Amino acid sequence: MPKGSLENNRVQTRMELLREQIRLLEVGVAGLHADNVLDLLRWRSEAEVTVAEAEALGRDLRAERTRLATIDNMLDRHATRVVTLAARRGGLGSAREKLAPPREHWWWYLDETVADRLRHSVVRAGAVIIGVVLVLLLGNYLLNTFFGMSPEEREAYGHTTMAEQMMYVGEYEDAIERYEQAIEIVPDLPEAWVALATLYELQGRDDDYRAALARAETLVEDPLRLTLLLARQYETVQLLDVALAYAEQALEIDPDSAEAHLIRGGIYDNLGDREQALADFEHASELARERGEDALYVLARTRMGMLMQQGDLALPGGTAP
């Protein structure tokens, strides 16, 4: 067989293999679950090798590269879910020890990416958390002084406080355990049920997710309140696309909700859209001031100041925060 025919056959074989690999990736990334997540990452590495080989044979792969870029964007956006699902199959660290993937195959290192993002979120939100803690401490003081929490309620809220901290640093299994302990003591804790719905969905526990969400819906009759709780929880676990959708839904319910603008601003900040984040924080502060919501006003102005300290940003009217 002539040499040119052999080369053409090799290129054709590589292209057929690559298209099949991309098809598997597109299907897999659209239906992530614990049983396919490590296979999905392996297929992505194999596709990268196939692309390099086909390009070395002179093939124009811009269309295939575009499809792979879309897959990569989805892996990055769902990094937390990928890491959580992989943990149920031994974790990415264990997989790396077996396969020794190069650093260029960044999808095998998504656990490190998620950890870095969580650390950055903690630093970025540090001042806000201090403010929130002060508000919560005052609230707890008032509850205990004037309304008198029962011992059971205090124990349950202790579990939820620990669970919130665990969620923030990515210790999701421990957070679930704490929230479940809380609702065993006090079954009607809406925030705990919302958090559990979020965590169950993150782990692919679909039946538990639906049950927890249904329970939350019965406890939180105000649709705006429920939507805001969901937006906050999904932001905490870095499912930012879902969090943003809930924030947008909250603003459809009440376009003048200062809290909804504050939450959406935080999500935009996490997504790297600093200008939109600043606009939301500014609008949240104006709405909070008009409505006399002092705590929200302080939080919004604090977030504005933290964001503007990063440089290259100014308020629409050129005013200082």
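Mentor: Buried means under 20% relative accessible area. Keep that cut-off in mind as we go through this predicted model.

Trainee: Why is W107 called buried?

Mentor: W107 has a relative accessible area of 1%, and buried means under 20%, so W107 counts as buried.

Trainee: And what makes W106 partly exposed?

Mentor: Its relative accessibility is 29%. Partly exposed runs between the buried limit of 20% and the exposed limit of 50%, so W106 belongs there.

Trainee: How many aromatic pairs does the structure hold?

Mentor: There are 2 aromatic pairs.

Trainee: Why is the pair of W106 and W107 called edge-to-face?

Mentor: The ring centres of W106 and W107 are 5.4 Å apart, and rings pair if their centres lie within 6.5 Å.

Trainee: Why is the pair of Y234 and Y246 called stacked?

Mentor: Here the centres lie 5.6 Å apart, with the planes at 15 degrees. Planes under 30 degrees apart count as stacked, so that is the label for Y234 and Y246. The pair links distant parts of the chain, with Y234 in helix α12 and Y246 in helix α13, 12 residues apart. Y234 and Y246 are both buried.

Trainee: Let's turn to charges. How do you know that R96 and E112 meet in a salt bridge?

Mentor: The N to O distance between R96 and E112 is 3.9 Å. A salt bridge needs the nitrogen within 4 Å of a carboxyl oxygen, so this pair qualifies. R96 lies in helix α5 and E112 in helix α6, so the bridge ties together parts that are 16 residues apart in sequence.

Trainee: Are R96 and E112 buried or partly exposed?

Mentor: R96 is buried, at 16%, while E112 is partly exposed, at 32%.

Trainee: Which salt bridge does R103 form, and what ring does R103 lie over?

Mentor: R103 meets E112 in a salt bridge, at 3.1 Å from N to O. R103 also lies over the face of Y109, at 4.0 Å from the ring centre.

Trainee: What makes R103 exposed?

Mentor: Its relative accessible area is 52%, and exposed means over 50%, so R103 counts as exposed.

Trainee: How do you know that D188 forms a salt bridge with R215?

Mentor: The closest N and O atoms of D188 and R215 are 2.3 Å apart, and the limit is 4 Å, so the pair counts as a salt bridge. D188 and R215 are 27 residues apart.

Definitions and conventions. Residues are numbered from 1 along each chain as its sequence is written. This is a predicted model: local features need pLDDT of at least 70, side-chain atom pairs count only at pLDDT 80 or more; totals for chains, interfaces and linings use all residues. Side-chain values use heavy atoms; hydrogens and water are left out. Rings of Phe, Tyr and Trp (its six-membered ring) pair if their centres lie within 6.5 Å; planes under 30 degrees apart count as stacked, over 60 as edge-to-face and the rest as tilted. Buried means under 20% relative accessible area, exposed over 50%, partly exposed in between (1.4 Å probe, protein chains only). Helices (H or I, at least four residues) and strands (E, at least two) are DSSP runs, numbered from the N terminus. A charge sits over a ring if NZ of Lys or CZ of Arg is within 6 Å of the ring centre and within 35 degrees of the ring normal. A salt bridge is a side-chain nitrogen of Lys or Arg within 4 Å of a carboxyl oxygen of Asp or Glu.
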